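Please keep the sequence and the model in view while reading.

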Amino acid sequence: MIRGKRYLIHGKTISEVQKQVTDLKYKLAHGLFVEKQNVIFDEWFTTWMTEYKEGRVKAGTLSAYQKYYNACIKERLGDMYINDIRGEHVQKLYNDLAKKEYAVSSIKTISAVLNGCFTQAVKNGLIERNPVDVATLPRQTEKKVRQALTREQQKLFMEYAKESYLYNIFAIMLRTGMRSGEVRGLKYTDIDRKKNVIHIQRTLKYLEHKGFFEDTPKTRTSRRDIPLTKDILSILEEQRAFWHFKVVSLDNYLFCNENGEPLSRERVQGEIDRTIKRIREAGFEFDRITSHVFRHTFATRAIEAGMQPQVLKTILGHSSLAMTMDLYSHVMEDIKADEMEKIANVF
């Protein structure tokens, strides 16, 4: 009995019980004691998402949180009482995902979701401590190699892409490094002839329950202007005329389907796959690529041409120079032998 209230304490020895009593008195004196409440983690996650995340994070981020929860967290922790979840439960979750060869980046995202959820639970007085704090993320084994097309592969792809109605979108991605959602969300009004730039102001996304919608660019630095070259302008003008009999509004997306409707990421990938199929049928070897490879290919060509890191950073819309320098490190591995040959005669 402490302060007129009964508390139940268990221990194998007298000293263990005495220690628990001392700890309990300290927590009560400092407002740290949290009574166990029968809150199922699944219920708390729903509350956390609805009350603390909706309206505060992007719709795409909210959808990603829910997908990760449904796929990786719900089955393991969803039915447990939130106060019963300990560090070893979170650790086992990480270990199981690592054994199933989940990418470390995905496990980090899952950890961030759990951490946010439990941190709020601590603030709300549902639990005393965050179990994520005592779990350790798996080590990054081997860094994923960034894939970029060689000059020969780039030329080959674009040659066989001439049959595709998305030829122009491939050409623009290769010349600007725009992300898929950015180029698919491009509108006629974003082409600024006076300032001679392309304004990147939005990204196009799709959610099952919401359909297509416009979101703000990925990060603050993703909202940017990309200089217009004559080559880029020529392709954009060609695209503008491509669906001219269907598209009449300047507010339409520049890259769309035959009905003027937005392009999905899957539809773009489908055209990439069909182009690669034609290349292979012609007798050439060609690995499968995604639209993001065009972004890395642009960066590679820019570095090879001597573009300065800070300039490339602003064009790509990277949030930090470190991300850009990581690209430089990758490209330099391929060209350092050639650079060594250039100075061989000096000696």
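A nonpolar core is a set of buried Ala, Val, Leu, Ile, Met, Phe, Trp, Tyr and Cys residues joined through side-chain atoms within 4.5 Å. The model examined here is predicted. Its largest nonpolar core has 47 residues, and those with the most contacts inside this core are F157, F170, I198 and L236. At least two residues of the core come from each of α6 (151-160), α7 (167-176), β2 (197-200), α9 (230-242), α10 (265-281), α11 (292-304), α12 (309-316) and α13 (321-342). A second, separate core of 29 residues includes F41, W44, I85 and L114. In soluble globular proteins, nonpolar side chains tend to be buried together.

Leaving aside residues up to four places away in sequence, F157 touches F170, I272, T275, I276, I279, F286, I289 and F294.

The chain as a whole contains 13 helices and five strands. Three of the strands form an open sheet in the order β1-β2-β5, with antiparallel pairing. The edges of this sheet are β1 (191-192) and β5 (224-227), each of which pairs on one side only. Between β1 and β2 there are two bridges; I191 has I198 of β2 as its bridge partner. I198 is also among the residues with the most contacts inside the largest nonpolar core.

Some totals complete the picture. Of the 347 residues of the chain, 42% count as buried. The accessible surface comes to about 20900 Å², and carbon and sulfur atoms account for 50% of it. Among contacts between residues at least 6 apart in sequence, 61% join residues at least 24 apart.

Terms used. Residues are numbered from 1 along each chain as its sequence is written. This is a predicted model: local features need pLDDT of at least 70, side-chain atom pairs count only at pLDDT 80 or more; totals for chains, interfaces and linings use all residues. Side-chain values use heavy atoms; hydrogens and water are left out. Buried means under 20% relative accessible area, exposed over 50%, partly exposed in between (1.4 Å probe, protein chains only). Helices (H or I, at least four residues) and strands (E, at least two) are DSSP runs, numbered from the N terminus. Contact means heavy atoms within 4.5 Å. Accessible areas come from the Shrake-Rupley method with a 1.4 Å probe; for residues, only the protein chains shown count as cover. Two strands pair if DSSP finds at least two bridges between them.
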